[in-house]
Amino acid sequence: MSVTRCGTPRTAGLDGVAAGHVDAPARLAGWDTPPMTGTPNDRGRAAYQAGWRIRHAHPEDARVMGRVHVEVWREAYTGLMRPEALAGVDPEIGAQRWARILAAPRPDGATTWVGCTPTGEVVALASEGPARDADAPTAHEVRALNVLRSAYGTGLADLLMVDLAGDGPAYLWVVEGNDRAVAFYRRHGFEDDGGRKVDERLGVREIRMGRERSPWAGDAASDLDGAARDADGGRGLGPSPVVTGKGP
Ligand SMILES: CC(C)(COP(=O)(O)OP(=O)(O)OC[C@H]1O[C@@H](n2cnc3c(N)ncnc32)[C@H](O)[C@@H]1OP(=O)(O)O)[C@@H](O)C(=O)NCCC(=O)NCCS
């Protein structure tokens with residue numbers, strides 16, 4: 001089994017944990033690496049070949065996730081959300097929340113992911129799981145996808161979508177006016193299905209988007225494992241570095 005890492009080694013010790021840029025090679029060594037749940041597109045494939053990585057989040061990520069989450073929101077939602085709501089988001093509170101969430105497997109089977117630069121810095125977080133809406137159009141929900149602006153357009157978001165949504169049916173909510181996100185999801189086969197909800201606290205209306213199938217489903221030419229083997233001189237990097245790959 002081969003495992004790709006996402007984050008810097010734990011040689012930094014507790015300082016590294018405090019800095020939030022930590023991987024856990026000891027634990028990773030024991031991780032299973034089941035096949036990816038979906039088919040990557042060309043952008044995801046290129047990102048993987050360039051060294052961008054995704055993996056399940058673990059508790060040591062909580063601090064950096066709190067920070068990244070707040071930064072992503074400020075970058076993406078300034079002008080879309082109520083300023084008071086945005087001003088109230090706090091990296092420390094976020095970190096505590098992530099620590100609680102990641103302390104144990106989520107009861108409903110949802111999974112949380114991080115995405116890293118080729119140098120191992122966490123710059124994205126994401127989650128997926130069973131639908132949380134009683135009237136959901138599909139059983140599977142892409143719950144969050146948050147990438148720092150510095151990683152926009154790199155293919156990291158495409159790479160995350162491979163495991164967030166698999167190749168099959170899924171739905172998600174996107175803030176009205178978040179045109180970049182809407183364009184990205186449309187590229188991944190999602191369309192506005194007419195579902196709407198309002199978050200009074202944040203002062204936003206949300207649009208529901210759904211799809212039946214990934215545009216790349218069954219596209220053998222986009223097989224990431226094959227790409228990884230090619231990039232690795234035939235040794236094979238193995239499938240995506242996940243603990244319990246979970247598809248829709
Ligand atoms: C949404 C997100 C995951 C997309 O990832 P990304 O790497 O930025 O996406 P890409 O660059 O691959 O694709 C974005 C597309 O939107 C287009 N775009 C950019 N700004 C746009 C705008 N204002 N209006 C319409 N399209 C726009 C880009 O040109 C690109 O189009 P293309 O497919 O023709 O290349 C990422 O931007 C992000 O995390 N944003 C902040 C948080 C967020 O909004 N998350 C979604 C919550 S539902």
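Just after helix α4, residue G79 takes a positive phi of about 95 degrees. Helices here are DSSP runs of H or I with at least four residues, strands are runs of E with at least two, and both are numbered from the N terminus. The model is predicted: local features need pLDDT of at least 70, side-chain atom pairs count only at pLDDT 80 or more, and totals for chains, interfaces and linings use all residues. Residues are numbered from 1 along each chain as its sequence is written.

Helix α4 itself has 16 residues and reaches 22 Å from its first C-alpha to its last. That is close to the expected 22 Å, where the expected span is 1.5 Å times one less than the number of residues. Several residues of α4 are buried, among them A62, M65, V68, H69 and V72. A residue is called buried if 20 or more other C-beta atoms lie within 10 Å of its own, exposed if 12 or fewer, and partly exposed in between, with C-beta atoms placed from the backbone. An α-helix has 3.6 residues a turn, so residues three or four places apart point the same way. The buried residues of α4 pack against α5 (83-87), α6 (91-102), β2 (111-116), β3 (122-130), β4 and β5.

Strands pair if DSSP finds at least two bridges between them. Strand β1 (residues 53-56) pairs with β2 in the antiparallel sense over four bridges, and R53 has C116 of β2 as its bridge partner. Strands β2 and β3 are also antiparallel, paired over six bridges, and T112 stands opposite S127 in β3. The hairpin of β2 and β3 has five residues between the strands, and in it G120 takes a positive phi near 95 degrees.

In soluble globular proteins, nonpolar side chains tend to be buried together. Leaving aside neighbours within four places in sequence, A124 is in contact with V114, G115, N146, V147, L148, A151, L156 and L160. Contact means that the two C-beta atoms, placed from the backbone, lie within 7 Å.

V147 is also among the closest of the 17 residues that surround the ligand, together with Y152, A157, D179 and A183. The largest share, six residues, comes from α8.

Helix α5 holds E84. This residue is exposed, with 10 other C-beta atoms within 10 Å. The C-alpha atoms of E84 and L202 are separated by 8.5 Å, although the two residues are 118 apart along the chain.

Note on methods:
A residue is near a molecule or strand if its C-beta atom, placed from the backbone, lies within 6 Å of it.
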